[in-house]
Amino acid sequence: MNQPATSATDIITGQQGPDLMSDNEATLLAGLRWLHDTEQPEGAILQHHGVVLEGVGNRRFGFIPSGRADRAIVTVDVAHLTWEVKTFRITNPLRRTELTELTAQLATLSAEVVGTWNGHPAPTGSLALARPAHPTLLAAVARYHAGCPTHSAKTVLCDCDWYTTGNALIVAPTVHEYKGAGR
Ligand SMILES: [Zn+2]
């Protein structure tokens, strides 16, 4: 259905087989451990978009502590878009089956997906997780939403070092720890 005449999508699809998905396993595992199991220190502050980790195969993954319906969310994005010059149509969107495959892969990492949105033909997709983010990570996001405690009028946009100082306390995901640690 609506398969584009151009071969660009087909070429890219050919590069994104099962091997590629397993290559992203360390990234997914690191992100999930960070989201669910990493304790953040008191006073840590994190903006609500969470973190983005670069994957392989032109993908990047986002790990959002609290997104739609207050769920923890994993996002997958095409890292570098290409498009047709005349129409601006994106020629390398997510694959048709990508969110389904990602749901299955997350299940192998003990992460249950309870809903997805976007995905092909978009270059971005989101997957909502059953398990909530770690309470200390949610607390870090809540501190962000509460805004600067010193200069109340400036809220989250305060130009003092409130956010920088709190954000420096955040324990980041460590992808290298999980390389080769998957199944
Ligand atoms: Zn301030």
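Helices (H or I, at least four residues) and strands (E, at least two) are DSSP runs, numbered from the N terminus. By that rule the protein has six helices and five strands, and along the sequence they follow the pattern α-α-α-β-β-β-α-β-β-α-α. This is a predicted model, in which local features need pLDDT of at least 70 and side-chain atom pairs count only at pLDDT 80 or more, while totals for chains, interfaces and linings use all residues. Residues are numbered from 1 along each chain as its sequence is written.

**Overall figures**

- Of the 183 residues in the protein, 28% are buried; a residue is buried if 20 or more other C-beta atoms lie within 10 Å of its own, exposed if 12 or fewer, and partly exposed in between, with C-beta atoms placed from the backbone.
- Among contacts between residues at least 6 apart in sequence, 62% join residues at least 24 apart; two residues are in contact if their C-beta atoms, placed from the backbone, lie within 7 Å.

**The sheet**

- Five strands form an open sheet in the order β1-β2-β3-β5-β4, with antiparallel pairing; two strands pair if DSSP finds at least two bridges between them.
- The edge strands are β1 and β4, each of which pairs on one side only.
- Neighbouring strands of this sheet are turned by 20 degrees against each other on average, direction ignored; axes are lines fitted to C-alpha atoms, for helices over the stretch in contact, and angles run from 0 to 180 degrees between N-to-C directions.
- Strand β1 (residues 51-54) pairs with β2 over four bridges in the antiparallel sense, and E54 stands opposite R60 in β2.
- The hairpin of β1 and β2 has four residues between the strands, and G57 there takes a positive phi near 65 degrees.
- Strands β2 and β3 run antiparallel and are joined by six bridges; F63 has V74 as its bridge partner in β3.
- Strands β3 and β5 are antiparallel, with five bridges between them, and T75 stands opposite S126 in β5.
- Five bridges also join β4 (residues 113-118) to β5, again antiparallel, and N118 has G125 as its bridge partner in β5.
- Five residues lie between the strands in the hairpin of β4 and β5, where G119 has a positive phi near 90 degrees.

**Helices α3 and α4 against the sheet**

- Helix α3 lies across β1, β2 and β3 and runs at about 10 degrees to β2.
- Helix α4 packs on the sheet, touching β3, β4 and β5, and its direction makes about 35 degrees with that of β5.
- The buried residues of α4 are E98, L99 and L102. They sit on the same side of α4, because they cover an arc of only 90 degrees around the axis, the arc being that of the directions from the helix axis to the C-beta atoms.
- An α-helix has 3.6 residues a turn, so residues three or four places apart point the same way.
- Exposed residues A104, A107 and T108 are on the face of α4 turned away from its buried side.
- After α4 comes S110, with a positive phi near 65 degrees.

**Helix α5**

- Helix α5 (residues 135-146) has 12 residues and should span 16 Å at 1.5 Å a residue, which agrees with the 16 Å between its end C-alpha atoms; the expected span is 1.5 Å times one less than the number of residues.
- Its buried residues are L137, A140, V141, R143 and Y144. These cover an arc of only 150 degrees around the axis, so they lie on the same side of α5.
- The cover over the buried residues of α5 includes α3 (25-37) and α6.
- The face turned away from the buried side of α5 carries the exposed residues P135, H145 and A146.
- G147 follows α5 and has a positive phi, near 80 degrees.

**The nonpolar core**

- The largest nonpolar core has 31 residues, of which L35, L127, L129 and A140 touch the most other members; such a core is a set of buried Ala, Val, Leu, Ile, Met, Phe, Trp, Tyr and Cys residues joined through C-beta atoms within 7 Å.
- At least two residues of this core come from each of α3, β2 (59-64), β3 (73-78), α4 (98-108), β5 (124-129) and α5.
- Helix α3 supplies the largest share of this core, seven residues.
- Not counting residues up to four places away in sequence, L127 touches I73, V74, L99, L102, T103, L106, V113 and T116.

**Y178**

- Y178 is in the segment after α6 (162-167).
- Y178 counts as partly exposed because it has 19 C-beta neighbours inside 10 Å.
- Leaving aside neighbours within four places in sequence, Y178 is in contact with A26, L29 and A30.
- Y178 and A30 are 148 residues apart in sequence, and their C-alpha atoms are 6.3 Å apart in space.
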